[in-house]
Amino acid sequence: MNAPSALPGSVDATLALLTKQGYLAERALATVTFLSLRMGRPLFLEGEAGVGKTEIAKALSAALGRSLIRLQCYEGLDVASAVYEWNSAAQMIAIRLAEATGDTDRERLSHDIFAEQYMIKRPLLRALEPDAAGPPVLLIDELDRADEAFEAYLLEILSDFQVTIPEFGTVRAAQPPIVILTSNRTREIHDALKRRCLYHWVDYPSAERELAIVKSRVPGISAKLSEQVVGFVQALRDQDLFKVPGVAETIDWATALTQLDARTLTPQVVGDTLGALLKYQDDIARMQGDTLQKTIKEAVGDQAS
Amino acid sequence: MPDSTTAKGQIADNIVGFARALRAAGLPVGPGAVIDAVSALRLIDIGNRRDVFATLQSVFVTRHEHMLIFAQAFDLFFRIDDDWQHMLDSVPLPDQARKPPPPAARRVQEALSQRETMQSKDSVEQDVQLSVSDQEVLQKKDFAQMSAAEIAEVSRAIARMQLPQAELRTRRFLPDAKGQRLDLRRTLRGSLRTGGDIVKLHRLGRIDKPAPIVALLDISGSMSDYTRLFLQFLHAVTDARKRVSVFLFGTRLTNVTRSLRARDPDEALAACTAAVEDWSGGTRIATSLHSFNKLWGRRVLSQGAIVLLISDGLEREVDERLTFEMDRLHRSCRRLIWLNPLLRYEGFQAKAQGIKLMLPHVDEFRPVHNLKSIEGLISALSAPTEKGHRFSPKSAA
């Protein structure tokens with residue numbers, strides 16, 4: 001890990017910081033990131049799957065030399081797996097030991113077994129603790145998968161950066177962590193939560209930016225192939241598909257093509273690897289035959305001959 | 001209003017009457033509130049109409065969306081006459097005469113006119129008798145053949161219906177004595193009271209919550225006799241449950257969930273009408289389903305939703321796209337219930353091409369043309385909703 005560095009002083013500095021980590025952000029995203037860092041407000045990123053919402057948290061933590069604490073949300077996520085849990089087995093042994101040594105002071109016993117050493121800390125609690133490298137980056141990923149009850153719980157943590165544990169007391173962050181929340185919009189997140197954050201919709205990148213991303217993330221890809229790959233993916237995004245490919249899929253596909261030593265897009269090689277881009281059978285079926293030929297022609301177009 | 005000997009008596013009578021009117025207009029006003037209102041009015045100067053308004057409002061209104069109804073009822077009930085005349089002279093009245101009445105006004109008017117018909121005992125008895133037989137007739141009467149008054153009656157009946165909470169097991173836990181999981185944390189805390197001996201095992205059980213409901217309502221011309229009542233029904237559903245999404249479609253799809261939520265029914269329906277551009281136009285079911293699947297499917301169906309498709313299925317452009325979209329919709333939800341008012345005809349047969357194409361892709365095919373069928377629907381919503389438990393469309397029809 002790099003030495004902890006200071007927060008960027010301007011939008012340009014933020015952009016440069018992210019670029020250094022190989023994250024090629026749109027300027028608007030750099031702007032909200034900068035604001036979120038300076039204002040100490042959580043950053044709420046929404047957008048289709050695979051547009052780089054999670055990546056930015058990783059890039060930020062690497063660029064600033066902070067540790068990355070990730071909370072992956074899922075349906076049924078509760079306080080025990082998101083914040084803390086007591087190590088009941090260890091507590092039970094402690095009680096038995098106290099009994100065996102004839103210690104019957106209940107007050108002290110209860111104080112002892114609800115001490116920090118019996119606490120299992122989960123991501124949200126860890127994010128509130130002081131870190132040598134400075135406040136960590138807390139990534140709350142795919143919040144739309146958690147249920148509303150958990151969302152309501154987050155409201156409290158995100159506004160005060162503190163957690164109250166009945167047996168233990170209140171844990172408050174000396175310096176609030178850098179919080180990034182992401183959502184794929186499989187359901188709407190409540191306005192109350194959005195209001196506490198800076199909101200940004202992460203869109204698919206432009207062809208130019210996507211080309212730069214492919215070149216930086218897929219080493220050894222030829223200039224010609226990368227242009228064709230991006231051209232094809234961009235053309236796919238204009239098609240009436242159930243799920244159009246994101247940047248992550250573009251990188252996957254480009255990697256797959258270089259592994260196959262493909263020099264240029266041909267119907268054969270595209271047909272064989274389409275599964276790296278499209279994840280629905282209906283979409284793959286729609287892209288067979290003439291449509292595929294036509295889209296490849298569009299992508300390869302002027303550079304083919 | 002009866003003449004009374006003392007001013008106090010008159011106030012009490014008026015407040016009782018006013019509370020009754022509010023109740024008829026749909027506000028939850030209990031007898032306790034009436035007592036509170038009378039004692040509160042004793043504390044203020046009832047010569048000031050604005051103070052009276054504020055006082056009564058603070059007692060009778062408990063939800064923000066009821067404010068409008070209350071204000072209208074207050075204006076109508078405490079009309080400018082006799083006693084109030086000189087008091088009201090000083091109060092500037094809002095200039096409402098030129099504006100069209102807001103959507104709730106009609107209901108308040110009805111509520112207040114009811115009060116007058118209830119004056120004499122004879123008419124009360126007659127009313128009761130009428131309403132009993134009315135109930136029976138209304139239960140089975142087709143929505144399309146109802147008079148305005150009957151529709152109003154049915155709307156009220158729909159609003160009164162108790163929606164069951166079709167339960168979904170979640171992966172979250174709550175303290176529950178009969179639960180399957182041991183709650184070690186509470187057990188340990190409990191054990192400390194006895195110096196470390198575990199006397200009682202605390203348990204956790206899974207939390208149940210209602211399944212999300214997604215309604216797709218056809219508002220094309222052929223459905224126009226029904227749309228208002230269905231909207232009323234969907235409003236009642238939206239009000240009673242947390243996760244409900246409502247979409248209207250004719251030639252295009254409109255999401256009206258926000259318009260329906262947390263508002264007075266009349267106001268909500270007016271907001272829906274305003275939001276939709278193609279009211280009572282043609283039907284393009286395939287196109288509408290396509291945009292639903294593409295734009296909303298992943299967002300509103302992801303948590304095991306039950307889909308109510310309310311349509312007569314009379315589609316002009318019938319092709320394989322309809323099959324495709326119905327199939328996709330069917331595969332992405334927990335249960336797809338098709339509600340079709342055409343099923344009111346006894347010898348109904350699925351002859352229309354569109355209906356034929358759509359039928360294989362629904363879990364349930366139900367009639368919705370009268371109160372009784374809506375009640376049937378409500379009980380169906382509380383039935384087990386396990387995926388894989390399929391209903392045969394033929395037997396349901």
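User: Which residues of helix 3 of chain A are buried?

Analyst: This is a predicted model. In helix 3 of chain A, the buried residues are Lys53(A), Thr54(A), Ile56(A), Ala57(A), Ala59(A), Leu60(A), Ser61(A), Ala63(A) and Leu64(A). That is nine of its 12 residues, so the helix is mostly covered by the under 20% cut-off.

User: How should I read spacing along a helix?

Analyst: An α-helix has 3.6 residues a turn, so residues three or four places apart point the same way.

User: What covers the buried residues of helix 3 of chain A?

Analyst: The cover includes helix 1 (11–20) and helix 2 (27–39) of chain A. Strands 1 (43–46), 2 (68–72), 5 (137–141) and 8 (178–183) of chain A are also included.

User: What span should helix 3 of chain A have?

Analyst: Count 1.5 Å a residue. Its 12 residues, 53–64, should span 16 Å, and the end C-alpha atoms are 17 Å apart, which agrees. Gly65(A) follows the helix, with a positive phi near 70°.

User: How many salt bridges link chain A and chain B?

Analyst: Seven. One pairs Asp282(A) with Arg331(B), whose closest N and O atoms are 3.9 Å apart. Polar contacts across the interface come to 12 residue pairs.

Terms used. Residues are numbered from 1 along each chain as its sequence is written. Chains are lettered from A and ligands numbered from 1 in the order in which they are written. This is a predicted model: local features need pLDDT of at least 70, side-chain atom pairs count only at pLDDT 80 or more; totals for chains, interfaces and linings use all residues. Side-chain values use heavy atoms; hydrogens and water are left out. Helices (H or I, at least four residues) and strands (E, at least two) are DSSP runs, numbered from the N terminus. The expected span of a helix is 1.5 Å times one less than its number of residues. Buried means under 20% relative accessible area, exposed over 50%, partly exposed in between (1.4 Å probe, protein chains only). Contact means heavy atoms within 4.5 Å. A salt bridge is a side-chain nitrogen of Lys or Arg within 4 Å of a carboxyl oxygen of Asp or Glu. A polar contact is a pair of N or O atoms within 3.5 Å; within protein, one must be able to donate a hydrogen and the other to accept it, and residues adjacent in sequence count only if both atoms are side-chain atoms.
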